[in-house]
Amino acid sequence: MKRFVIAALVENKYGVLTRVAGLFMRKGFNIDSLTVGETEDSSFSRITITLRGDDNDKDQLISQLRKLHNVTYVKHIDEKNSVERELILIKVKNTVQNRSEIMAITEIYRAKIVDYNPKTICVVMTGKPSKINAFIEILRPLGIVELCRTGVVAIERNKAIYNV
Amino acid sequence: MAKHKMPGSRIVIETLIEQGVTDVFGYPGGQVLNIYDELYKASDRINHYLAAHEQGAAHAADGYARATGKVGVVIATSGPGATNLVTGIATAMLDSIPMVAITGNVPTSLIGKDSFQEINITGVTLPITKHNYFVSNVKDLADTIREAFQIAKSGRPGPVLIDIPKDVQIAEYDFECEGVIEPYPQKKADDKEIDAAVDLINKAQKPYIYIGGGVITAGLSKKIKELAEKIDGYIGCTLMGLSAIENSYERFLGMQGMHGQYESSMANKEADLVIGIGVRFSDRATGNVKKYSKNAKVIQLDTDLSEINKNIKADVGIVGKISCALSKIIEKCDKQKHAEWKKTIDDLRAESKKISKKVNVVKSDKIGPKQVFDVINKIKDNDTVVATDVGQHQMWAAQFTSFEKPRTFVSSGGLGTMGYGLGAAIGAAVGSKKRAILVTGDGSFGMNLNELATAVTYNIPVVIVIINNGVLGMVRQWQTLFYGKRYSNTVLGRKTDFVKLADAFGLKGERVTTVQEFEKAFGNAYKANAPYIIDTVIDMDEFVLPMLPPGGSIEDIITSKEEATK
């Protein structure tokens, strides 16, 4: 099983996210994450999908997505030629014993404390999913209260996906 | 025509007329009252056929589309009206049939409040439509309908649903008549792929051309024959590909797969090159994909990119406008002669004759399935549509009907919808402006026989041949073969008298048990310019053979019930 990042430009129209999500469900694709947000042109959104599977799964996902009427561009984002980021907000227990360690880890990972209260410390970090995963594991023994991550966004270097 | 301000409901009808629609099927209700009001006013320009049930209306629109190649149109009200369309829309989706379904919905102010007869039909039909719309503003209405037609008929066709809330039907907006919208242009196939295909074709000694419903959609019958002649190949088809090539054509081997012709399935197995055109290599046609064509190269041509490599891996995949790609391939490939291949095919045909003799022995004094179709073939015109329901009778129709023109076979292939046939036959008869034949079973017919009322009301000449064995034959056949003859809920034991039923609905009906009786009845029915039921009683133990068991391949062919159940 390989991991693929696929980006799609979709028209900002009624039910388009449902169409995309519904497609994954009924075709049985194995999706790790799906993010969606407006682009430089407010009439379009960009959906980034990370898929687990083989090359055939990737090709099927791309061609099935292209069939959807409100989907304008779909492209496999080559890992070597792109920048990939995810954001995490993670809340850890604030105790006398772990306080300084959280701060040290935050420093090392170039993360940032965004909330500090007597019970919890909330940290934000961006990075590749692998770095995020490592960050979670290093904080886990200190007592994670809650975490949320955005899922991956990715962009190719140089050209735009619709200039292919 | 200048711009006119008019209510949304009239925009709906004017846009349908603008798009060349002459016939629609449907059923009125609270949230489409305004649209029906406009239909009433425009009844001199557009015909509406009132069905007995929205499902029947949807199947009629589908049958109309299959018989004519035009987009079928169905109208239903919100809530139950809309959900009753679901099976009809799904049937069209699985067989890539162009259809536009228009539903009313509650006013936008009541949407999301579980109002009376409110259902989110765009949500319900999302996975079974090519696309669907909820029109929230009358400004978008005409263009949405135009785009719906465009999507329905472009590339690989399919059903499109438009949900229109009542306030949008009432609101007024400018309408200006435009021309019939053209399908989206299809992209040209890649020349590199075409050259790769030509290379494989030139190297092949045993080419087999395997065609599906896409060939009928794209009107490729003539080109397929040209290709077969140039490369000295033979043609087999899927259920959906039936009628694309006339049965009498010497290079045509018939349908392959689970209940296909022996020579067609075998030729596919023996071939060193399979050229799949407008097919999706469905499990019913290919059997076990691991064993499928493992010694052959595969070239796949389709207008839908996602079909390439979906079910089987193709050595060469050609996507785009298939008619152009085929012309190029025919032009570029060498003229070939494969004497050995011809001999193989001749041998297979001889073997198939033996099998068919063994399979089609009439075992009782009742008429046998093959005899039914011998009579139908003798009497019917070449351009008469034969529609079916789903089950044993459908497979017999596929095996034994002689098709001479494309679009004369109307059958639910992908979804396998029992209850499809009567509505579809009505639609086909309306579309072709000719009588249609419906071959059905007593099980399938029982599902939607209420549409008899429609056939009678509009005097639509449908010759209904019920192949009546008193059982759910196909399921029972599987129970015989794979479930130890435990006939769970397949012996109907009903007391339905189809002749009296015909009388009650106001059409003629008769019951026959022998070939002579059937021939006489069918002759009369075919001449009558009215619907007609022939209740044709056959033995309950008739089997559809040959059969490749599910997940099996041609090596596992079953040619005798006795041997298979020993």
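In chain B of this predicted model, 26 residues of domain 1 are in contact with 26 residues of domain 3, two residues being in contact if their C-beta atoms, placed from the backbone, lie within 7 Å. On the domain 1 side, β2 (23–26), β3 (47–50), α3 (54–68) and α5 (86–94) of chain B each supply at least two residues; α3(B) gives the most, with twelve. Helices (H or I, at least four residues) and strands (E, at least two) are DSSP runs numbered from the N terminus. This side of domain 1 comprises twelve nonpolar, ten polar and four charged residues, where Ala, Val, Leu, Ile, Met, Phe, Trp, Tyr, Cys and Pro count as nonpolar, Asp, Glu, Lys and Arg as charged, and the others, Gly among them, as polar.

Residues are numbered from 1 along each chain as its sequence is written, and chains are lettered from A in the order in which they are written. Local features of the model need pLDDT of at least 70, and side-chain atom pairs count only at pLDDT 80 or more, whereas totals for chains, interfaces and linings use all residues.

Also in chain B, the axes of α11 (residues 221–231) and α14 (residues 322–332) come within 10 Å and cross at roughly 20 degrees, the axes being lines fitted to C-alpha atoms over the stretch in contact, with angles running from 0 to 180 degrees between N-to-C directions. α11(B) is therefore roughly parallel to α14(B), a term for angles under 35 degrees. The contact is made by B:Lys223, B:Glu226, B:Leu227 and B:Lys230 of α11(B) and by B:Ser323, B:Leu326, B:Ser327, B:Ile329 and B:Ile330 of α14(B). Four of these residues are nonpolar, two polar and three charged.

Methods
Parallel < 35°, antiparallel > 145°, perpendicular 65-115°, else oblique.
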